[in-house]
Amino acid sequence: MAELIVALDVDSRAQAEAKVKEIGDAVGFYKIGLELFTAEGPDVVKAVKDLGKRVFLDLKFHDIPRTVERAVRSGARLGVDLMTIHSVGGRAMIGAAAAAAAEFGERGPRILAVTVLTSLDRTDLEDVGIAGRSPAEQVLAMAKFATSCGAHGLVCSPKEVGALSAELPSGTLFVTPGVRPAGGDVGDQKRVATPADAVRDGATHLVVGRPILCAADPAAAARAIRAEMGM
Ligand code: C5P
């Protein structure tokens with residue numbers, strides 16, 4: 001059964017707590033990203049955990065293996081459930097992240113790899129020395145690489161998840177942003193899919209921000225998306 005994660009894209013801990021309380025039982029999982037974490041630090045993670053929610057800490061680590069290993073440990077001590085790394089950090093870095101998570105056993109975070117940022121096109125890849133592969137080919141190659149190094153799953157666009165889930169081992173996590181309810185406002189997302197499409201194509205977790213955060217009734221919006229997911 002796929003899970004709904006709400007992207008807690010707000011500026012402050014006070015707003016974050018207010019949104020989580022307002023959404024209540026309709027959502028049990030929240031993503032905290034760079035903006036909120038840089039503003040409020042670990043306290044905002046603790047606050048969301050204290051409200052009984054699971055946390056996806058989306059900081060996309062990319063550093064030397066020792067630093068990433070220690071950062072994953074810090075996240076695990078905070079009790080986060082999902083964390084992200086960049087797969088271009090290499091085999092040793094991905095392995096170090098997975099090993100640090102494994103020290104915490106079942107309570108430890110699952111490590112998700114970012115393959116190619118969806119903001120990059122073929123020219124951007126060429127600029128950084130990745131020539132001869134389309135973004136889609138690079139996504140698949142990096143997905144296979146990252147999971148072979150120990151990553152538990154991938155962050156991917158809902159347009160990629162079908163191709164990836166067909167090629168990767170069962171049990172791999174597929175976390176997809178860019179999801180919009182059928183007929184909803186897409187905002188600045190260009191390649192969107194509905195919740196039903198994403199789940200049908202193999203997504204295990206859907207990340208949805210504005211369609212819930214900006215709704216007049218965020219709890220009702222979340223319940224409607226869960227219904228579209230078949231939950
Ligand atoms: O508001 P919206 O539903 O577009 O939020 C999606 C969330 O997923 C945001 O936190 C955004 O940064 C994140 N994300 C994304 N596309 C990616 C990677 C992450 O939209 N390729």
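How many salt bridges does a search of the whole structure find?

## Salt bridges

The search finds 13 of them, a salt bridge being a side-chain nitrogen of Lys or Arg within 4 Å of a carboxyl oxygen of Asp or Glu. One of them joins the side chains of Lys-31 and Asp-58, with 3.1 Å from N to O. This pair ties together distant parts of the chain, 27 residues apart: Lys-31 belongs to strand E2 (residues 29-33) and Asp-58 to strand E3 (residues 54-61). Strands (E, at least two residues) and helices (H or I, at least four) are DSSP runs, numbered from the N terminus.

## About the model

This is a predicted model, where local features need pLDDT of at least 70 and side-chain atom pairs count only at pLDDT 80 or more, while totals for chains, interfaces and linings use all residues. Residues are numbered from 1 along each chain as its sequence is written, and side-chain values use heavy atoms, leaving out hydrogens and water.

## Around the ligand

Let's turn to the ligand.

A polar side-chain atom of Arg-180 lies 2.7 Å from a ligand oxygen, and a side-chain N or O atom of Gln-189 is 2.7 Å from a ligand oxygen. Gly-209 uses a backbone N or O atom, 2.8 Å from an oxygen of the ligand.

Definitions and conventions: Polar contact = N/O pair within 3.5 Å; in protein donor to acceptor, adjacent residues only side chain to side chain.
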